[in-house]
Amino acid sequence: MKKVFKIFGWIIGIVLILCLVGFAYINMAFPNVSPAPEVSIDYSSERIERGDYLANHVTACMDCHSVRDFSKFSGPPTPGTIGQGGDRFDQTMGFPGVFYAKNITPHGISDYTDGELYRLITTGVTNDDRAMFPVMPYLYYGKMDPEDIYDIIAYLRSLPAIESEIPESKADFPVSLILKTIPNDPEPTKKPDPSDQVAYGKYLTNSSGCIECHTQADPQGMIMEDLSFGGGRNFPFPDGSIVTSSNITPDAETGIGNWNEQAFVERFKQYAEDRYIPASVNPGEFNSIMPWTMYAGMKEEDLKAIYAYLKTVKPITNPVTKFTSGSE
């Protein structure tokens, strides 16, 4: 019997040593991405204008990196907070930890070179080699045309500096270890010619990160790719209400299979600033985290391209209850 216990003790000891070695290896070897490139961006008015369009209406960076006012429908950004960060994503929303959107005005990014910002946006690795949880969709931004990323950087540099102190993000174990292995080198693509509508729409859909909200996630917060665009991801509000993302696959019964191009474009454009003033919403009343007022500023030809691409993805039958009130 003593021999059995001795053998069992040795086995436990070996397992613990292997775990410690593995833990040390991951901490030392990851994140494993290339050094920041040497990049010097010209902050031309053309770049800033294009970056403004991308950051506010396509990639919608300001959706998370501003203070959204959820006392109004779809939580439009509060004036004077553009880029200051502070949006919180935590366990109550299904995330494996507590994560904060950083200050991306010149106040928050002044210690980053252009190359370091490019690496941060496209790999999720900071200038002190920390890996970010992909609530910031760097896995998608890493597939964008570098010129578009440069435009966004030029725009961010042009923002008024806003002072704000943002808490450090903290992932729960074991995700705190796993997330170090998530970043990888970007795989940039050249932006397709808009005349190739489906390819251009695929590019814009990736840039907008549509798949991230419109796909259910696993317990680690990573999307389940076999359910891409099928909707059904829950987003709780502080009052206990739950909004669920829509199915945007071309399924005729539960998705957008019966929508035509005009209906799709109008779904966004009805919230354009020259047509819509965000309505006040009381706790428990229907609301949405979809930044409609931001995406409403997207060009019609871009929205049409996204529609064309979504019509080509795999249809998924998934009926969704869009909103459940916390007052019920």
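This is a predicted model: local features need pLDDT of at least 70, side-chain atom pairs count only at pLDDT 80 or more; totals for chains, interfaces and linings use all residues.

Guide: Residues are numbered from 1 along each chain as its sequence is written, and side-chain values use heavy atoms, with hydrogens and water left out.

Visitor: Why is T249 counted as buried?

Guide: Buried means under 20% relative accessible area, exposed over 50%, and partly exposed in between, with a 1.4 Å probe and protein chains only. T249 has a relative accessibility of 0%, and therefore counts as buried. T249 lies in the loop between β5 (242–244) and α11, where the names of helices (H or I, at least four residues) and strands (E, at least two) stand for DSSP runs numbered from the N terminus. Leaving aside residues up to four places away in sequence, T249 touches S228, F229, G230, G255, I256, G257, V313, K314, P315 and I316, contact meaning heavy atoms within 4.5 Å.

Visitor: What makes S241 buried?

Guide: S241 has a relative accessible area of 1%, and is therefore buried. S241 is in the loop between β4 and β5, and its contacts, not counting residues up to four places away in sequence, include F235, P236, F323 and T324.

Visitor: What makes β4 (234–236) and β6 (323–324) edge strands?

Guide: Three strands form an open sheet in the order β4-β5-β6, with antiparallel pairing. In this sheet β4 and β6 each pair on one side only. Two strands pair if DSSP finds at least two bridges between them, and β4 and β5 are joined in the antiparallel sense over three bridges. F235 stands opposite V243 in β5.

Visitor: Why is α2 called roughly perpendicular to α7?

Guide: The helices α2 and α7 (residues 146–158) pack at an angle of about 95°, with their axes 7 Å apart. Angles under 35 degrees count as roughly parallel, over 145 as roughly antiparallel, 65 to 115 as roughly perpendicular and the rest as oblique, and α2 is therefore roughly perpendicular to α7. The axes are lines fitted to C-alpha atoms, for helices over the stretch in contact, and angles run from 0 to 180 degrees between N-to-C directions.

Visitor: How does the reach of α9 compare with the span expected at 1.5 Å a residue?

Guide: With 12 residues, α9 reaches 16 Å from its first C-alpha to its last, close to the 16 Å expected. The buried residues of α9 include Y200, G201 and Y203, and G209, which follows α9, has a positive phi near 65°.

Visitor: Why is helix α13 (residues 300–310) described as largely enclosed by the rest of the structure?

Guide: Eight of its 11 residues are buried, so α13 is largely enclosed by the rest of the structure. Among these buried residues are D302, L303 and A305, and the buried residues of α13 pack against α2 (45–58), α9 (197–208) and α11 (261–269).

Methods:
The expected span of a helix is 1.5 Å times one less than its number of residues.
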